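Subject: Structure handover

Hello,

Here is the structure for you to look at. Please open it alongside these notes.

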Amino acid sequence: MQTSKVFQNWQKHQPVSYVAKDVFTKKFLRFDLGEFLGFKGAIPYPDPSQRALKQQLSRLWGVSETMVTLGTGSDELIERIPRVFLNPDDHVLVVTPTFFRFADASMRMGALVKKVATNLESKFAVTDQIVLEIIECANVNDIRIIWLCSPNNPTGVPIADKHIARICRETKALVVLDSVFWGIDEQIKNQVGLVKRFPNLVILRSLSKIDGGAGLRIGAAFGNPETIAPIESWRLPFNIPTASLTAGRDLLQAIGENHNAKTIIPKERERMFEAISAFPSFEIGAPSDTSIFLLRHKTEDLFTLLRGEYICVADMRRTTGLEGMRFVRITIQSQKENNRLLTALTNIQKNEAEGR
């Protein structure tokens with residue numbers, strides 16, 4: 001994948017870092033990181049190579065370390081990729097509704113955003129027809145980056161692997177697939193297969209969602225080594241703090257041993273969907289496969305109604321592709337918190353029945 005002129009200029013003239021990225025044994029005393037001796041245990045500088053965490057991820061995913069780069073959450077990677085591959089006035093493509101940061105990060109580099117819209121009638125699914133529209137738009141407009149999201153944020157709807165493969169095969173664009181709502185290890189086998197087949201595919205993962213590590217801010221991208229290399233080289237040397245790197249390794253170990261979210265979230269989602277379907281006034285936007293879903297009141301503004309019940313939800317009323325539909329995005333929580341939401345919906349339904 002050809003890099004941007006900005007990136008090429010930076011790569012040609014970049015200053016030489018004074019921080020070594022080599023791997024050191026415990027025998028080494030490091031005098032190159034400016035660490036204050038009085039707080040040696042509290043504020044050691046992060047490993048600039050991030051090798052230990054990359055090794056864990058590469059083993060988990062069955063890929064080489066050269067296929068992995070890390071970010072301060074997937075959000076940093078979404079910001080970094082356009083900086084590496086986009087020039088001003090290049091075109092990118094998003095499939096609406098989707099995560100606003102795809103367009104946001106692209107426009108920060110002066111890119112122009114093309115949109116292909118899914119619809120409520122098909123429950124916001126990426127259908128065969130949508131795939132055709134994506135391919136046509138990409139080829140006609142010389143699209144540089146196609147942003148895909150599976151499971152999609154905010155709908156929770158996944159994209160079929162066959163559709164992802166076709167988009168990669170029939171376009172020249174860099175395809176960035178945000179899969180953070182699968183967590184770090186769900187559905188990974190098929191995606192690794194796709195990455196090995198298509199060098200123009202980069203996949204984003206994160207510990208932030210069902211893995212419960214949002215505060216650690218650890219995201220990862222994996223793809224063809226030649227595509228990952230410039231993304232890796234652009235990152236700041238200490239973008240992830242030592243505490244997060246350490247906790248991230250511990251969390252990955254725990255995920256490998258026992259991942260409660262894998263069973264809790266599907267059960268709670270099914271329970272929530274069943275309960276909500278009993279309310280005549282509410283409508284679920286799409287059959288989500290993950291920890292988020294769209295919900296609306298059929299006639300009233302649900303965001304405002306829930307605020308009256310002291311419930312805070314994601315406001316999707318002005319989201320591109322959802323304008324005027326009155327949807328909010330719900331995130332599955334613990335059973336106790338989910339029951340609190342169901343109580344609020346019950347109160348809204350009751351007040352409506354009583355004419356209040």
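Below is what was found, starting with the chain as a whole.

This is a predicted model, so please keep the cut-offs in mind: local features need pLDDT of at least 70, side-chain atom pairs count only at pLDDT 80 or more, and totals for chains, interfaces and linings use all residues. Residues are numbered from 1 along each chain as its sequence is written, and side-chain values use heavy atoms, with hydrogens and water left out.

**Overview**

The chain has 12 helices and 11 strands. These are DSSP runs numbered from the N terminus: H or I of at least four residues for helices, E of at least two for strands. Of its 356 residues, 51% are buried (under 20% relative accessible area with a 1.4 Å probe, protein chains only; exposed is over 50%, partly exposed in between). Take the contacts (heavy atoms within 4.5 Å) between residues at least 6 apart in sequence: 70% of them join residues at least 24 apart.

**Cores**

The largest nonpolar core has 45 residues. A core here is a set of buried Ala, Val, Leu, Ile, Met, Phe, Trp, Tyr and Cys residues joined through side-chain atoms within 4.5 Å. L57, W61, I134, I146, L148 and L201 have the most contacts inside the largest one. Helix α5 (residues 128–140) gives the most to this core, 6 residues. Apart from it lies another core of 24 residues, including I78, F102, W147 and L204.

L201 is in contact with I164, C168, V175, L177, L194, V195, F222, G223 and N224, leaving aside neighbours within four places in sequence. In helix α2 (residues 51–61), the buried residues are L53, K54, Q56, L57, S58 and W61. Just after α2, G62 takes a positive phi of about 70 degrees.

**Cavity**

There is 1 cavity of 30 Å³ or more. A cavity is a set of points on a 1 Å grid over the protein atoms alone where a 1.4 Å probe fits but cannot get out; lining residues have an atom within 4 Å of a point. Grid points are joined across faces, edges and corners, and volume is the space filled by probe spheres set on the points.

The largest cavity has a volume of about 90 Å³. Of the 14 residues that line it, V95, V126, C149, N152 and I159 are the closest to its centre. The lining has 10 nonpolar residues, 4 polar and no charged. Ala, Val, Leu, Ile, Met, Phe, Trp, Tyr, Cys and Pro count as nonpolar, Asp, Glu, Lys and Arg as charged, and the others, Gly among them, as polar. β2 (91–96) and β4 (143–149) each supply at least two lining residues. The largest share, 3 residues, comes from β4.

**Open sheet**

4 strands form an open antiparallel sheet, in the order β8-β9-β11-β10. Two strands pair if DSSP finds at least two bridges between them. The edge strands are β8 (282–284) and β10 (314–315). β9 (residues 292–297) and β11 (residues 328–331) are joined by 4 bridges. F293 has I330 as its bridge partner in β11.

**Two buried residues**

P154 sits in the loop between β4 and α6 (161–170). P154 is buried, at 1% relative accessible area. Beyond four places in sequence, its contacts are P97, T98, I292, F293, L294, M316, L322 and R329. The C-alpha atoms of P154 and A314 are 9.1 Å apart, across 160 residues of chain.

T96 lies in strand β2 and is buried too, at 5%.

Definitions and conventions: On a 1 Å grid over the protein atoms alone, a cavity is a set of points where a 1.4 Å probe fits but cannot get out, and a pocket is an open set with protein on both sides within 12 Å along at least five of seven lines; lining residues have an atom within 4 Å of a point.
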